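Visitor: Would you take me through this structure by way of questions and answers?

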Amino acid sequence: MKIKILKYSLIAATGLAVFPLLGQTEKNIVDEVAWVVGDEAIFRSDIEEQYQQMRSEGARISGDPYCFIPEQLAVEKLYLHQAKMDTIEVPESSVRSSVEQRINYFITQLGSKEKVEEYFHKSLPVLRESLADMMRNGSIVSQVQRNLTQDVTSTPNEVRKYFDNLPKDSIPYVPMQVEAQIITLNPNIPRQEIEDVKARLREYSEKVNNGEANFSTLARMYSEDGSAMQGGELGFNGRAAWVPEFANVAFNLSDPKKVSRIVETEYGYHIIQLIEKRGDMVNVRHILLTPKVSQKDLDDATNRLDSIRKEIVAGAFTFEEAAGFISQDKDTRNNRGVLMNSNEYSDLYRSSKFEMQDLPTEISKRIEKMNPGDVSEAFIMKNNNHKDVAAIVKLTERIPGHRANLSDDYSLIKRMYENYKKEQILKEWLENKIKQTYVRIEPGWQNCEFKYEGWIK
């Protein structure tokens, strides 16, 4: 679960990738300075290491890698310099949490910690620091870009003119898409299971308040949240970063030595400890426990939904009516059950259309063989809080693949136009920044067609 939802993107919408410096080979070359940007050097070893990493990941390189890569590293340095002036920071706890998720992914893919170290030719502590630098810088660069382009808007007339002027071979092909609705039921959780969870949290609180245990140690051992690896620490955040129930308690804490009362949220049950307050920001640590659901409870929820499905199919009431009165999916119950797809885009571009791979696996498996108007039998799936729920889905529409057009794909074309405007803003900003910054490119690295003008004075 994520109490805090961070909308950081490691690759900006403009395509200015921020790549990790995690090379898999030892540095066995005589190092040399290739570029100097401001008072920072870009070394040949940085470029070689980056190139090796990109090749291992199959990343796209535009043109000569010894031109493309150093320019991208230089661009990153310009953004990071701007971030220092704007005092942009990212919560260190979120960086560390992301690092641990990535490390765990590597371990899962490669089989063991030892194989991860062998693959990257680095110990896990060194690898963690490299990943932390990459993720921290990527988040900072994305924030600078968002700040520079946050006022970009568009009118229907601008979008229409943009589309009319697009070359035919630039109009994207839109794969087959679907629109769907959902109804979910949460399985009943026995009162005794909830009381057992609360009893464990009360026990942890007493140990901390009595000085018998350290809160962060208990969080590492028992918390079911992703922050457990950081001792439950969430970093400095404002109220809006957390769900209201959690934020109300966290911001009312005043004694760092004491533990909060038990807090119930949609994620489960928490206890919270204050670390530090800074103005309207607070840093806390927490322990999360979630009551466990039995198979019988899941079966009961599934059977109830199957009965509701039969009544919908028989015409007793509509799917939309059932979604409004019965569904426990908070994101769709007030929207006639319609699933909305924000995916990698911001909430401004939420759409009811999904490509099949964008749907949760359990939903796409059902919808794949359905016809528009069909309602699935009940099944079990993970909701956004990673909890098991019973669900039924209705396939509203199946839209065949086609070339984008304004009537069917306005939001896609609007997004394309606004991204184009953002690219132009960032390009102009970067070229002005290049003019204002001391840049020296060594003779052996100058024979390039760079994306941005002004590198060579």
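The questions below concern aromatic pairs, a helix packing and selected residues of this predicted model.

Visitor: How many aromatic pairs does a search of the whole structure find?
Guide: The model is predicted, and side-chain atom pairs count only at pLDDT 80 or more. A search of the whole structure on that basis gives a total of 12 aromatic pairs.

Visitor: Is the aromatic pair of Y79 and W429 stacked or edge-to-face?
Guide: The ring centres of Y79 and W429 are 5.2 Å apart, with 5 degrees between the planes. Planes under 30 degrees apart count as stacked, whereas those over 60 count as edge-to-face. The pair of Y79 and W429 is therefore stacked.

Visitor: How many residues apart in sequence are the parts that Y79 and W429 tie together?
Guide: Y79 belongs to helix α2 (residues 65-85), and W429 belongs to helix α13 (residues 406-436). Y79 is buried at a relative accessible area of 1%, and W429 is buried at 17%. Because the two residues lie in these two helices, their pair links parts of the chain whose separation in sequence is 350 residues.

Visitor: What is the class of the aromatic pair formed by Y162 and Y420?
Guide: Y162 and Y420 have 5.9 Å from centre to centre and 35 degrees between their planes. Stacked pairs have planes under 30 degrees apart, edge-to-face pairs over 60, and the rest are tilted. The pair of Y162 and Y420 is therefore tilted.

Visitor: Is Y420 buried or partly exposed?
Guide: Y162 lies in helix α6 (residues 156-164) and Y420 in helix α13, so their pair ties together parts that are 258 residues apart in sequence. Y162 is buried, with a relative accessible area of 16%. Y420 has a relative accessible area of 39%, and is thus partly exposed.

Visitor: How are α3 and α5 oriented to each other?
Guide: Helix α3 (residues 92-110) packs with helix α5 (residues 124-149) at an angle of about 125 degrees, and their axes are 9 Å apart. Roughly perpendicular covers 65 to 115 degrees, and roughly antiparallel begins over 145. The orientation of α3 and α5 is therefore oblique.

Visitor: How many charged residues does the contact of α3 with α5 have?
Guide: The crossing of α3 and α5 is right-handed. Residues making the contact include V95, V99, I103 and F106 of α3, and L127, L131, M134 and M135 of α5. By class, the contact of α3 with α5 has 10 nonpolar residues and one polar residue, and its charged residues number seven.

Visitor: Which residues is I275 in contact with, leaving aside its neighbours within four places in sequence?
Guide: I275 lies in strand β7 (residues 268-278), and its relative accessibility of 27% makes it partly exposed. Its C-alpha atom is 9.1 Å from that of G235, 40 residues apart along the chain. With neighbours within four places in sequence left aside, the contacts of I275 are E233, P256, N283, V284 and R285.

Visitor: Is T87 exposed or buried?
Guide: T87 has a positive phi of about 50 degrees, although it is not a glycine. T87 is placed in the loop between α2 and α3. Its relative accessibility is 64%, and T87 therefore counts as exposed.

Visitor: Where is the place of H121?
Guide: H121 is not a glycine, yet has a positive phi of about 55 degrees. At 45% relative accessibility, H121 counts as partly exposed. Its place is in the loop between α4 (113-120) and α5.

How values were computed
Residues are numbered from 1 along each chain as its sequence is written. This is a predicted model: local features need pLDDT of at least 70, side-chain atom pairs count only at pLDDT 80 or more; totals for chains, interfaces and linings use all residues. Side-chain values use heavy atoms; hydrogens and water are left out. Rings of Phe, Tyr and Trp (its six-membered ring) pair if their centres lie within 6.5 Å; planes under 30 degrees apart count as stacked, over 60 as edge-to-face and the rest as tilted. Helices (H or I, at least four residues) and strands (E, at least two) are DSSP runs, numbered from the N terminus. Buried means under 20% relative accessible area, exposed over 50%, partly exposed in between (1.4 Å probe, protein chains only). Axes are lines fitted to C-alpha atoms, for helices over the stretch in contact, and angles run from 0 to 180 degrees between N-to-C directions. Angles under 35 degrees count as roughly parallel, over 145 as roughly antiparallel, 65 to 115 as roughly perpendicular and the rest as oblique. A crossing is left-handed if the near helix is turned anticlockwise from the far one by less than a right angle, and right-handed if clockwise. Contact means heavy atoms within 4.5 Å. Ala, Val, Leu, Ile, Met, Phe, Trp, Tyr, Cys and Pro count as nonpolar, Asp, Glu, Lys and Arg as charged, and the others, Gly among them, as polar.
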